[in-house]
Amino acid sequence: MPENNPPHAWYALRRTLPTWSFEENLAELIQVLPRYRIDELIVKVDTEEFTHGQPPLQWIRNYQPRLHRLRREMEQLGIRYSLNPWITLGHNDRGRDATRQLSGLRPMVGHDGTRCTCCACPLCEVWRAHVEAVWTLYAATAPSVIWIEDDIRTFNHSPVRYGCFCTEHLRRFSERVGAAVDREELVAAILQPGTPHPWRSEWLDLQAAIMVETAGFLARVVHRTAPDTRIGLMSSGPRTHCLEGRQWDRFAAALADGQMLYSRPPLGNYSEGSLRGLYYSHDSIKITRHCLPAGTIEQTEVENVPFTRYSKSTRFTFLQLAVSFAYGSHGVTMNLYDHCGTPMEDEPHYGRMLAERKPFLEALASRAQQSGPFRGVSLLFDQQASYHRHLPPGADYGTLVADGATVMQLLETHGLPTTYDAEPVAAATGQQLRACTDAEITTLLDGGLLLDGTAAAVLHERGFGAQIGLQAINPAVHLDTLGAFAAEEFFNPDFGGRPGAFMTLTLPDLGGRPSLCVAELQPGARPISRIVDPDAQPSHVAMYAFENDRGGRVAVHLLDLDSAFGTAFNHPFRNTQLHHVVDWLWRGRTPLRVTGDGVYPLAFRRDGDRHSLLGLFNLSLDSWPDVEMHLSDSRQLDHVEQLDVAGRWGPCQQLLVTTADDRHVLRIGTPVAFDQPLFITVNWA
Ligand SMILES: [Zn+2]
C-alpha cells in the first residue's frame, strides 16, 4: 500500500480487461507490470465505450471469477489488486436506457427538467437494491481499495447538468420547508439575484445530507462483505463541489466507515494542451487535501484521454507524476491505456518512461512525503461558498462554483507560491469573503491581504472600508462603459514601477475587456498604478496599497480579476508589481519568491523541522538558464542539496548563496528545462 514506510513513489495502473480480450490482456499484465515497476493494479469494470450503463447483475456475476483470478495472479507478482467500478450513479447516458433492465428505476432529473435514462437518483430504491447486489459481488473479491468514481455527486450526469430535481428530491424539500414546491419555483429561488433566497441553503443542506447518507450506504455495503477493503474517493475539485454544497468532513467520515480513506484528486489535463495546465493540477492536490481528514492516502489521477500519444506525450505524463510526488501525494493512479482491449505494448513508450523515471520520483517522494506546511500566500476556501454568493440576474446554475482559482494561478504564474495553510499574508478575490465571519475578516486585516476590486467592494459593503483604505467603491462594471481607456500605468517607483510603464487593458486576451471598480481612496492610501486614456492621461486608480490602523497591510487591484486575468494580464511589469506588493504585504518576510530569466514558474517550499524542500517546474518551453530563489528564514543555512536526473541527492553544483537580514538568495546556475524540474533541499543549522 502507498502508506508503506519508508515512503516511495507508488505506481497504480488502472486497466480494463474486456471479456473478449481478457486472456491476452492478463498475459500482458503479468509480463509487463514488473517491467513497468507497477505496484498496484486497479481493475476497471464495465468501462467507458463498452459500458452497459447500470452494469447488469448477471454480467457482473459472470465477470466476478475473472476478478478473483486477477487478484491471485497479482498476489503472485507482489502487486496489489484494487477495484474501480466505472460507475456508481452513472457519468452519462450515451444512448443506454437502464429503465428497461431495472424496472422502476428513477433516473436523475436536471434543474431544467432534462431527464437521464441511465444515471440514477441516489434516493431511488431500485438503484439502491441493484447497487447493493453488484457491489457485494465486487467486495467479495477482496480488493485492497475499492474506488468510488466522481459520479457520486449531483452535477454532470450528462445530459443532466445540475440536480437531481426528481419527484422524491422535491417531496423531501417541500417537507423540509413546509410548503409544496415545484422544480421551477425551487430553481428560481436558488438562482435569485442579489442576496441569496433562504431556500438556497435549505436545498444545498438537503442535497449534501442525501449524498453523505448515500456515501455511508455504499461503504457499509462494501464492508459487510470485505471489512478490510478501504474506500477510495475520486472527486471533482472542491470549488466545483460547491455546486452541490458538499460537506467534506461528514462525507469523508461516511465513506471511510472507520477505515483509512483514500483520495484521488483530479489533475485535469486529460489531453495535453499547455504546460500551464499544471497550475490547475498542483492546486487540485493542495485544495482537495485541505478538505479531507489528516491521514488520508492520496493517489492522484493521471489520465490520458483517449489514450495515445496523440492525446498526451510521455513527457507531459512524467510531469504530472512529478507534480504529484513533489506536492506530497503518496501515489499516482494512471489511466494511460484504452478500455477497448488494445495491448499496452502497442504504445510502449509510457511503460518505458515509468520504469526509467521511477528512481528520480522515488528520491523526490522520499523527501516530499515528509510532513510540514507548504509556505506561501494563503488562499481561502469555504465549502459553503455557494451559500453566500450573490448572483446577477439571469445567472446560470454553474455560477455557484466557488471563486479563488484565478488568484491562485496569478500568483503561481509569477513565482509566488500559494498554500491553503494559514499564513500572515492571504489573497481573496471575487465573492470569497462573503463566506467569512466578521471575526475572520478582522484576522485577515490584521495581517497582509491582497484583494481584487470585487473582493474590496464586498468588504466595503460589510463595513470594512476604513480598514482597506476605501471611502467609496462602485461595483465592477465593463471598462468601456466608463470611457475610452488604453492601459494600466505602473508608475509608482516605491513598488518597482516607473512613469510610462504601460500594461495593456485588452484583457484577458485579444478581443476581451475587463471590468473595473471605480473607487475613492482614503488619505494615506498609496496608488501603485492607474488607468490612462489614449493620450496617456491618468484617470481611475488601478492598484493601491494601504496600511490600516490595526497595523495590517492591504493591496487592492481594482479590476475584477476573473474578468481580467488571462495571458494578457501577465507581463514583466506585472511580475515586478506583484513581487513588490507581496513582499510589502509580508514586510520583507516572504517565505519564497522565485525570479530568473524565465516565465511561467511553478514553485514551492515545504518546511520540515530541519530542512526546507524547494521545487521549480518550468511551464514554458524555453529553459530558465538560471534561477533565483529568495527565501526568508531566521535560521542559518547549513548546506544545500540537489536532486539529479538519476535520482540521487547530492551537493548543489552551480550554487551561489547570499544572506542578509534573514533573507537568503540561492542563485542556481543549472538550466531548468520544462521536462526536468529542479528540486533543492535547504538544510538549516
Ligand atoms: Zn432525485
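**Met 543 and its strand pair**
I started at Met 543 and found it opposite His 557 in S25. This is a predicted model, where local features need pLDDT of at least 70 and side-chain atom pairs count only at pLDDT 80 or more, while totals for chains, interfaces and linings use all residues. For my numbering, residues run from 1 along each chain as its sequence is written.

I then checked the pairing of strand S24 (residues 538-547) with strand S25 (residues 553-557), which is antiparallel over five bridges. My strands (E, at least two residues) and helices (H or I, at least four) are DSSP runs numbered from the N terminus, and two strands pair if DSSP finds at least two bridges between them.

**The sheet**
I traced an open sheet of nine strands with mixed pairing, in the order S14-S13-S15-S16-S25-S24-S23-S19-S20. I noted strand S14 (418-419) and strand S20 (502-504) as the edges, each pairing on one side only.

Next I looked at helix H15 (residues 453-461), which lies across strand S15 (425-428), strand S16 (448-452) and S25, at about 110° to S16. For that angle, axes are lines fitted to C-alpha atoms, for helices over the stretch in contact, and angles run from 0 to 180 degrees between N-to-C directions.

**Leu 379**
I picked Leu 379 in strand S13 (residues 377-379). Why does Leu 379 count as buried? Because it has 24 C-beta neighbours inside 10 Å; the cut-offs are 20 or more other C-beta atoms within 10 Å for buried, 12 or fewer for exposed and partly exposed in between, with C-beta atoms placed from the backbone.

Beyond four places in sequence, I found Leu 379 in contact (C-beta atoms, placed from the backbone, within 7 Å) with residues including Val 407, Met 408 and Ala 427. I also checked Ala 326, 53 residues away along the chain: its C-alpha atom is 19 Å from that of Leu 379.

Conventions:
Contact = placed C-beta atoms within 7 Å.
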